[in-house]
Amino acid sequence: MSERKIDDETGVETTGHSWDGIEELNNPLPRWWLWTLYACIVWAIAYTIAYPAWPMISGATKGMLGYSTRAEVAADIVAHEAKNEALVAELIAADLTALPPSSDLHRYAVARGGSVFRAQCSQCHGSGAAGAVGYPNLLDNDWLWGGDIENISATIRHGVRNDTDLDARYSEMPAYGDLFVEKEIEAVVEYVVSLSSTEFDAGLVQAGSELFLDNCAACHGDEGLGDQFLGAPNLVDAIWLYGGDRDTLTETVTNARFGVMPAWGQRLSDVDVRAVSVYVHALGGGE
Amino acid sequence: MSDRPLYAPQEPIFPRRVTGVFRNLKWGVMIFTLGIYYLTPWIRWDRGPNLPDQAVLVDMASRRFYFFWIEIWPHEFYFVAGLLIMAGLGLFLFTSALGRVWCGYTCPQTVWTDLFILVERWIEGDRNARLRLYRGKWDVRKWRLRLTKWFVWLLIAIATGGAWVFYFTDAPTLLVNLLNFTAHPVAYMTIAALTATTFLFGGFMREQVCIYMCPWPRIQAAMMDPDTITVAYREWRGEERGKKHENKSGDCIDCMACVNVCPMGIDIRDGQQMECITCALCIDACDDIMDKIGKPRGLIDYIALSDEPAERAGEPPAPIWKKILRPRTIIYTAIWASIGVALMYALFVRSDIELTVSPVRNPTYVLQSDGAVRNIYDVRLRNKAGDDRVFHISLTSDEILRIELEGRGGLRDVVVPADTTILQRVYVTARPQDPAASSDTTALRLWVEDVDADIRASQSTTFNGRDQ
């Protein structure tokens, strides 16, 4: 094999390999290519010494330079927070009722509030804030506890019917299953249906109307328009938190509802509460 | 295995000086292309007070590309894609018609190598002097010449790397910052990297870049055909070669002029080779010799290989336009031109104001307390003008729909600052009794109008009713 063979046709040396009479020409790579390879190997070794590289049982080698992506992210976050410091201070001091909608501060609050919302609120209210059964839709113009910026902010800060914040929104509907007989529940349900529909049993409604005035109107109002001080829903409009069909209403009247929301003032910073309030207010239903 | 080497040392090449038509053409191309590269960032172009006044500027931070009177925003990147496709097709066209004319005349690797060889020749002398110096000992003179040459190369390399960064930010400002060491580290790192590659590629790697690193020689092999005009040796006229006193039948006197001037270190008389960049310097060298020995020029020439049989038979070759005007080149030209026309059309019909409408589909619609149905649209309003503009938003639809803007208190005018995009939430509502509220979808068109400039733009979208 050590004997050199020269291909007649090209005058190029062959490797001596032959397949079906076809011989492989030996066209070696340039020398600098080899040195590039060696340089890369040296670089790779130096790199693994300088930077975190080798996986160990727990974690990995730290590297001589002490570089860490985690530390870099932390530094980035600190740098961003430093940049936003002025806006944060401004937002904390701002009167949210008088925040001009096209101002930088408003844009900042909406952007910050949006990220808070997606992280903290979207689990119940949905990523698009459209809510779900039992979790209010925040895009519409129907509000249980008030839809102006101050009421939205208070609801977020103190929560609803939780037992951690004394200032939480609180009201409790009795479970009429204990107070009414089945026929009475049926009549009240029929009356509530009649408030927003044209198809109902007029006979039942008459009886239900009296029961409603005696028992429900204290919170929901004589005309069923609800009361935002008590978180009592408007029963006349097209929007139902749990559902407006007879079966769901029967369940609601029988067992009552007790929706709870945490006091976000205890979990989020003041600026985040303010930001998310501005965000929710700007979703479409803000008053 | 055997003692055969797996790696070959680089063969040093010492191209001899040459004069002639193609050498002059190459000087011209070099001055032209280097002039474009070094001077373009310094051309000023007045765009008004809020916009940069650099004629060609790739503004990464603000995501704008300025080219004289044209301003490209990121969403118009298809212009750049179109230009790249045109550049690719242009290479196909030129390669199928004229071979590796790009490699030989305009490729930066060729142009800078040519410049570096010019410097080398000024400092160390022509081929023979350089050969002597290469073989000689490392004495004071050799060190002096080498260091001078490397120093001048380095200056060119720094200027090359330096010119690059001027395309990305205001050139006069950056030059001052670079000189008083206040420029961004990225600028210095870019200059350092490009200085190093220019110095290495132009001074030391030269033909190695073309042969081993560049994919184009491989691609061009597929782009050329027998009708392609390329640099070749008229073997049927030159052979048998021999010195004058040997009285051989061919015109080639084996003077090696074509080999000595070749920057790739090949012998064109061996036929078509992957290394050949068709720089045509061997044509100049050979024509010079043919003049001296009283033979007709063109022993080495731009010829099409398909002409070989005719020329062997002593007939004249086909006229050159027949080689260039072929279905293949015509098709390339047609595609190339149609993309160009499409880009020009797109460039001239685009408006100074634009809107993009993305309907919010989470949820698809919002039921209001009175039973009305509301759809939400995130509308991006784009003001490409150099001053703040008032945009008026409206909608058209066959059905009754009402429009409202978030946070505008019932107004439908929005101020969009100069050269900015803003996001405006737009509400479209159908009352309970309107057909759109209870239907599946309703077509509508959102309009944005620059009242002062009397220009407007629109985008169609759909409205989702309850019945889905």
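Predicted model: local features only at pLDDT ≥ 70, side-chain atom pairs only at ≥ 80, totals over all residues.
**Entry 1. Helices of chain B**

Helix H1 of chain B covers residues 21–39, and its axis and that of H4(B) are 10 Å apart at an angle of about 110°. H1(B) and H4(B) are therefore roughly perpendicular to each other. On the H1(B) side I noted Lys26(B), Met30(B), Thr33(B) and Leu34(B), which meet Val111(B), Asp114(B) and Leu115(B) of H4(B). I sorted this contact by class and got 4 nonpolar, 1 polar and 2 charged residues.

I then took H4(B) with its other partner on my list, H8(B). Helix H4 spans residues 108–124 of chain B and helix H8 spans residues 185–205; they pack at about 70°, with 8 Å between the axes. H4(B) and H8(B) are therefore also roughly perpendicular to each other. From H4(B), Gln109(B), Trp112(B), Thr113(B), Leu115(B) and Phe116(B) meet Thr198(B), Phe201(B), Gly202(B) and Gly203(B) of H8(B). The classes here are 4 nonpolar and 5 polar, with no charged residues. Leu115(B) is listed in the contact with H1(B) and again in the contact with H8(B).

**Entry 2. Sheets of chain B**

I traced an open sheet of 3 strands, with the order S2-S3-S4 in chain B and antiparallel pairing. Which strands stand at its edges? They are S2 (56–59) and S4 (70–72) of chain B, each with a single partner strand, so one side of each has no neighbour in the sheet. The twist from one strand to the next averages 10°. Strand S3 of chain B, residues 64–67, is joined to S4(B) by 3 bridges in the antiparallel sense. Across this pair, Phe67(B) stands opposite Ile70(B).

Next I traced an open sheet of 4 strands in chain B, ordered S12-S10-S14-S15 and paired antiparallel. Its edges are S12 (413–416) and S15 (455–464) of chain B; each has a single partner strand, so one side of each is left without a neighbour in the sheet. Neighbouring strands of this sheet are turned by 30° against each other on average, with direction ignored. I checked the pairing of S10 (residues 389–397) with S14 (residues 441–450) of chain B and found 7 bridges, antiparallel. Phe391(B) stands opposite Asp450(B) of S14(B).

I also followed S13(B) to its partners. Strand S9 of chain B, residues 373–383, pairs with strand S13 of chain B, residues 420–430, over 11 bridges in the antiparallel sense. In this pair Arg380(B) has Leu423(B) as its bridge partner. Strand S11 of chain B, residues 402–405, is joined to S13(B) by 4 bridges, again antiparallel. There Glu404(B) stands opposite Tyr427(B).

**Entry 3. Domains**

I read the domain assignment for both chains. In chain B it gives domain 1 (21–221), domain 2 (226–318) and domain 3 (353–464). How far apart do the C-alpha centres of domain 2 and domain 3 of chain B lie? The distance is 72 Å.

In chain A the assignment gives domain 1 (1–66), domain 2 (72–165 + 267–281) and domain 3 (182–255). The C-alpha centres of domain 2 and domain 3 of chain A are separated by 33 Å. Each of these two domains of chain A gives 9 residues to their contact. On the domain 2 side I counted 5 nonpolar, 2 polar and 2 charged residues.

**Entry 4. Chain A against chain B**

I listed the interface: 25 residues of chain B are in contact with 29 residues of chain A. Strand S1 (7–8), helix H9 (207–213) and strand S8 (366–367) are the elements of chain B that give two or more residues to its side. That side divides into 12 nonpolar, 8 polar and 5 charged residues.

I looked for strand pairing between the chains. Strand S3 of chain A, residues 29–30, runs parallel to S1(B) and is joined to S1(B) by 2 bridges. Pro30(A) has Ala8(B) as its bridge partner.

**Entry 5. Confidence**

I noted the predictor's scores last. The complex has an ipTM of 0.83 and a pTM of 0.78. Chain B has a mean pLDDT of 92, and 99% of its residues reach 70 or more.

Notes
Residues numbered from 1 in each chain as written. Chains lettered and ligands numbered in written order. Pairing = 2+ DSSP bridges. Axes fitted to C-alpha atoms, helices over the stretch in contact; angles between N-to-C directions. Contact = placed C-beta atoms within 7 Å. Nonpolar A, V, L, I, M, F, W, Y, C, P; charged D, E, K, R; others polar. Domains from an automatic or database assignment. pLDDT = per-residue confidence, 0-100. Parallel < 35°, antiparallel > 145°, perpendicular 65-115°, else oblique.
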